Amino acid sequence: MLTLRLVLMGVFLVSVIAKLRTRRAFGEFATAVRRLGGLPIPLGPPAAVVVVTVEAGTVALLAAPGLDGDGRAGLLLAGGLLLAFAVVLAAALRRGTAEPCRCFGGSDDPISRGDVARNAVLVVCAAAGAVMTPAADAAPVALPAAALCLLGASVAVAAVVLLDDLAHLFR
């Protein structure tokens, strides 16, 4: 379960950092949120602030699972947020929107079913982590096992974040 929590934490952390790295990056994300969500122009920036704030809160809950006793809150929040993202992206695709997602920064590629699938896979990861999380009184993870979890999670986060680039590479 540590690996799943680390993957989700890494994905959301990269997402938050990419969106907040510059004013331009945040502005592009706010525009994408407005267009993908079908929102009126004035609601784009506030909606983007809410999204980034909830993502940052998700990172905090995943990083400090002891806050809720067993770590399920962060996993459930991550799963719910990813499910909401998948629904918004699927609806935007149905409307014919060709807007870039800006999920991880500056990609100009329009959204695709691959983005929806990526989020669906991450929802399954969050749900599996929440279901399989041991009780709060379970033994802590040994250091070598934690290191392997971190290594595996790092590779998975890189794959998720660079999915579009990897898809272009193999086309």
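Guide: Let's go through helix packing, then the cores, then one arginine. Keep in mind that this is a predicted model.

Visitor: Okay, helices first. At what angle do α1 and α5 pack?

Guide: Helix α1, residues 2-20, and helix α5, residues 113-132, pack at about 135°. Their axes are 9 Å apart. That angle makes α1 oblique to α5.

Visitor: And which hand does the crossing of α1 and α5 have, left or right?

Guide: Left-handed.

Visitor: Which residues meet there, between α1 and α5?

Guide: From α1, they are L4, V7, L8 and V11. From α5, they are L122, C125, A126, A128 and G129. Eight residues of this contact are nonpolar, one is polar and none is charged.

Visitor: What about α1 and α6? How do the axes cross?

Guide: The axes of α1 and α6 cross at roughly 40° and come within 8 Å. So α1 is oblique to α6. This crossing is right-handed.

Visitor: Which residues of α1 meet α6?

Guide: L2, T3, L6, V7, G10, V11 and V14. On the α6 side, the partners include A146, C149, L150 and A153. The contact has 13 nonpolar residues, two polar and no charged.

Visitor: New topic. Which residues touch the most other members of the largest nonpolar core?

Guide: L8 and L122 do, in a core of 21 residues. Elements giving two or more residues to this core are α1, α3 (44-63), α4 (72-95), α5 and α6 (143-161). The largest share, seven residues, comes from α1.

Visitor: What does L122 touch?

Guide: Leaving out residues up to four places away in sequence, L122 touches V7, L8, V11, L82 and V160.

Visitor: How many residues are in the second core?

Guide: Nine, and this core is separate. L36, A86, L89 and I111 are among them.

Visitor: Last one, R34. Where does R34 lie?

Guide: R34 lies in helix α2, residues 23-37.

Visitor: Is R34 buried or exposed?

Guide: Buried. Its relative accessible area is 19%, and buried means under 20%.

Visitor: Which residues does R34 touch?

Guide: L39, P40, I41 and G44, again not counting residues up to four places away in sequence.

Visitor: And how far apart are R34 and A86?

Guide: In sequence, R34 and A86 are 52 residues apart. In space, they are 15 Å apart, C-alpha to C-alpha.

Methods. Residues numbered from 1 in each chain as written. Predicted model: local features only at pLDDT ≥ 70, side-chain atom pairs only at ≥ 80, totals over all residues. Heavy atoms only, no water. Axes fitted to C-alpha atoms, helices over the stretch in contact; angles between N-to-C directions. Helix = DSSP H or I, 4+ residues; strand = E, 2+ residues; numbered from the N terminus. Parallel < 35°, antiparallel > 145°, perpendicular 65-115°, else oblique. Left-handed = near helix turned anticlockwise from the far one by under 90°. Contact = heavy atoms within 4.5 Å. Nonpolar A, V, L, I, M, F, W, Y, C, P; charged D, E, K, R; others polar. Core = buried A, V, L, I, M, F, W, Y, C linked by side-chain atoms within 4.5 Å. Buried < 20%, exposed > 50% of the residue type's maximum accessible area, 1.4 Å probe, protein only.
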